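Colleague: I have just opened this one. Could you take me through its charged pairs?

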Amino acid sequence: MKKFSIVIAGGGSTFTPGIVLMLLDNLEKLPIRQIKFYDNNSERQKQIADACEIIIKEQAPEIKFLATTDPQEAFTDVDFVMAHIRVGLYAMRENDEKIPLKYGVIGQETCGPGGIAYGMRSIGGVLELIDYMEKYSPDAWMLNYSNPAAIVAEATRKLRPESKIINICDMPVGIEERMAKAVGLSSRKDMVVRYYGLNHFGWWTDIRDKDGNDLMPKIKEHVKEYGYSLKEEMEESQHTDASWMHTFAKAKEVYAVDPTTLPNTYLKYYFYPQDEVAHANPEYTRANEVMAGREKHVFGECNRITKAGTAKGTTLEVDEHASYIVDLARAIAYNTHERMLLIVENQGAVANFDETAMVEVPCIVGSNGPEPIVQGKIPCFQKGLMEQQVAVEKLVVEAWTEGSYQKLWQALMLSRIVPNARIAQEILDDLVEANKGFWPKLS
């Protein structure tokens with residue numbers, strides 16, 4: 001059985017240790033001979049890498065490990081690039097969240113003005129990774145889960161149309177795990193789903209178990225009462241992240257808008273933006289929560305492991321639901337024809353929608369990449385929402401490519417989250433100032 005070489009782009013990410021532990025947990029499914037880390041921030045990467053090197057030595061000493069900031073060293077002799085980069089780190093995410101809130105508009109990592117700002121920073125970084133991969137390992141595939149996935153996917157479609165990149169998001173995976181638990185199944189893999197939309201902007205239309213039994217009525221019953229919250233979580237809410245508890249509960253109200261489907265949780269930002277503003281603390285946003293929580297914990301624990309020289313008793317956790325990355329790599333490596341939700345060019349998968357839009361739909365994945373499964377025509381309500389949102393994504397990429405202030409203003413104004421053109425421009429001017437050195441020059 002061939003053993004694979006993987007580079008994790010974004011080696012200094014707090015998600016990296018969980019991904020490494022997950023890969024080590026799945027070696028029987030995806031044998032690995034080499035793991036490399038690549039990051040342009042050597043100090044940050046070193047803290048994560050030194051701990052991960054100890055973890056790998058203790059769990060799988062036969063795997064060669066390397067952490068580097070040199071693209072040639074990182075991208076030479078690799079089969080897969082697993083990319084999760086955050087251009088500007090959490091300090092810039094804090095700006096993305098707090099600047100819109102000054103104007104009474106929700107600031108969010110991937111939606112509305114925050115997502116647009118992040119997208120403008122991410123496009124160049126992801127394109128750079130593709131170029132390194134194609135230069136040093138032209139047969140490799142990039143499995144990209146860098147946010148904001150919708151804008152990044154549109155940029156790769158438009159600007160690197162021949163590249164071997166697959167854009168994937170973990171949010172539907174997480175929601176499907178909740179659905180499975182709500183109806184008493186042990187795993188989302190016991191379900192077969194139909195779904196359509198854009199990234200962070202979609203709907204499930206059919207969910208069945210492996211015997212073909214329709215699970216939608218039972219799941220809808222649960223969502224109508226609890227959203228995507230699980231009863232055991234509500235009973236032990238002190239153990240669950242408060243932001244996510246709010247998000248999962250809010251799905252109840254999002255579902256009410258169209259009870260014929262089941263919604264992605266992120267639709268709350270588009271359907272009830274005023275509620276999200278009311279719920280937000282302009283002085284302490286999600287970025288602050290992450291920096292005080294996960295960032296502090298992961299770096300502290302990695303430094304502890306390095307100092308101790310062993311990972312025994314570590315509090316770092318396997319990122320279990322990230323096992324979808326292994327499923328995707330396996331599908332390409334072994335031609336398994338795994339059925340997965342991916343972000344792909346529409347080309348008729350949603351029959352009455354823009355052919356060039358990057359849609360999120362079920363695909364069959366083999367050694368030649370993803371083949372989208374046709375979802376047919378979609379209703380007027382979803383079509384109208386998606387056309388507005390895909391226009392935002394396309395305008396952002398055009399603004400980045402052309403250095404166009406006008407198109408970025410139009411993108412912000414078109415977002416359902418922004419109330420009018422004046423506020424869109426005021427937010428944009430603040431974001432331009434905050435993103436100097438990260439965005440292309442706009443005129």
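Colleague: How far apart are Arg93 and Glu97 in helix 4?
Modeller: Arg93 and Glu97 are four residues apart in helix 4 (residues 89-101), so about one helical turn separates them. Helices here are DSSP runs of H or I with at least four residues, numbered from the N terminus. This is a predicted model, in which local features need pLDDT of at least 70, side-chain atom pairs count only at pLDDT 80 or more, and totals for chains, interfaces and linings use all residues. Residues are numbered from 1 along each chain as its sequence is written, and side-chain values use heavy atoms, leaving out hydrogens and water.

Colleague: What does Arg93 form with Glu97?
Modeller: A salt bridge, with the closest N and O atoms 2.8 Å apart. The term means a side-chain nitrogen of Lys or Arg within 4 Å of a carboxyl oxygen of Asp or Glu.

Colleague: Are Arg93 and Glu97 buried or exposed?
Modeller: Both Arg93 and Glu97 are buried (under 20% relative accessible area; exposed is over 50%, partly exposed in between, with a 1.4 Å probe and protein chains only).

Colleague: Which residues are linked with Arg93 and Glu97 in a network?
Modeller: Arg86 and Glu109 join Arg93 and Glu97 in a network of salt bridges.

Colleague: Moving on, what about Asp430 and Lys102?
Modeller: Their side chains meet in a salt bridge, 2.7 Å from N to O. This pair links distant parts of the chain, 328 residues apart: Asp430 is in helix 17 (residues 421-434), and Lys102 is in the loop between helix 4 and helix 5 (112-136).

Colleague: And how many salt bridges does the structure hold?
Modeller: The structure holds 28 salt bridges.

Terms used:
Helices (H or I, at least four residues) and strands (E, at least two) are DSSP runs, numbered from the N terminus.
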